[in-house]
Amino acid sequence: MASASTAIPKYAKTGCNDTCGKVTIPYPFGIGADCSLNQWYIVDCNNSTPYLSAFSHLDVLGVDLEDQIITVSTPKISDCQTPWNSNLTMSIDLGKSPFLIDY
């Protein structure tokens, strides 16, 4: 006779938190350097908001390991925040990271 476990599965490395606010942070991502695979996967948790620290602290909205997607929030810039004649270009340098942008 088998019993059903009601335990909530743990998604982080042993000894590490797997949630920040309402976002689950599964391994290879991790909250803090010792809890992630490497520098690209470090998530900082400030005031219950997760940030992907390798990319100017982009807000992490969700992580889907099955589809291999991390959803982040990028800053919004409107004309009222910058002079009309400025040449402002927003970019995220993925450099040598393991990530791609999918719009």
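Student: Which residues is Thr-74 in contact with, leaving aside its neighbours within four places in sequence?

Tutor: In this predicted model, Thr-74 is in contact with Leu-58 and Ile-92. Thr-74 lies in the segment after S7.

Student: Why is Thr-74 called partly exposed?

Tutor: Its relative accessibility is 40%. Buried would need a value under 20% and exposed one over 50%. Thr-74 falls in between, so it counts as partly exposed.

Student: Why does Tyr-11 count as partly exposed?

Tutor: The relative accessible area of Tyr-11 is 43%. The limits are 20% and 50%, and a value in between is called partly exposed, so the term applies to Tyr-11. Tyr-11 sits in the segment before strand S1 (19-20).

Student: What is Tyr-11 in contact with, beyond its neighbours within four places in sequence?

Tutor: Tyr-11 contacts Asp-18, Thr-24, Pro-26 and Tyr-27. For Thr-24, 13 residues away along the chain, the C-alpha separation from Tyr-11 is 7.9 Å.

Student: Why is the pair of Phe-29 and Tyr-41 called edge-to-face?

Tutor: Two values settle that. A pair of aromatic rings is described by the distance of the centres and the angle of the planes. The model has two aromatic pairs. In the pair of Phe-29 and Tyr-41 the centres are 4.9 Å apart, and 6.5 Å is the limit, so the rings pair. Their planes stand at 65°, and an angle over 60 degrees counts as edge-to-face, so that is the name given.

Student: What parts of the chain does this pair link?

Tutor: Distant ones: Phe-29 is in the loop between strand S2 (23-24) and strand S3 (30-31), and Tyr-41 is in the loop between S3 and S4, twelve residues apart. Both Phe-29 and Tyr-41 are buried.

Student: What makes S3 and S7 the edges of the sheet?

Tutor: The open sheet has five strands in the order S3-S4-S5-S6-S7, with mixed pairing. S3 and strand S7 (69-73) each have a single partner strand, so one side of each lacks a neighbour in the sheet.

Student: How do you know that S5 pairs with S4 and with S6?

Tutor: At least two bridges are required. Strand S4 (residues 42-46) is joined to S5 by four bridges, antiparallel, and S5 to strand S6 (residues 58-64) by two, also antiparallel. Both counts meet the requirement, so both pairs stand. Leu-52 of S5 is the bridge partner of Val-43, and in S6 the partner of Leu-52 is Leu-58.

Student: Which turn residues have a positive phi in the two hairpins?

Tutor: In the hairpin of S4 and S5, with two residues between the strands, Asn-47 has a positive phi near 55°. In that of S5 and S6, with five residues between, Ser-56 in the turn has a positive phi of about 50°.

Student: Which residues of the largest nonpolar core touch the most other members?

Tutor: Of its 14 residues, these are Ile-25, Phe-29, Val-43, Leu-52, Phe-55, Val-60 and Phe-99. S6 gives the largest share of the core, three residues.

Technical notes. Residues numbered from 1 in each chain as written. Predicted model: local features only at pLDDT ≥ 70, side-chain atom pairs only at ≥ 80, totals over all residues. Heavy atoms only, no water. Phe/Tyr/Trp six-rings, centres within 6.5 Å; stacked < 30°, edge-to-face > 60°. Buried < 20%, exposed > 50% of the residue type's maximum accessible area, 1.4 Å probe, protein only. Contact = heavy atoms within 4.5 Å. Core = buried A, V, L, I, M, F, W, Y, C linked by side-chain atoms within 4.5 Å.
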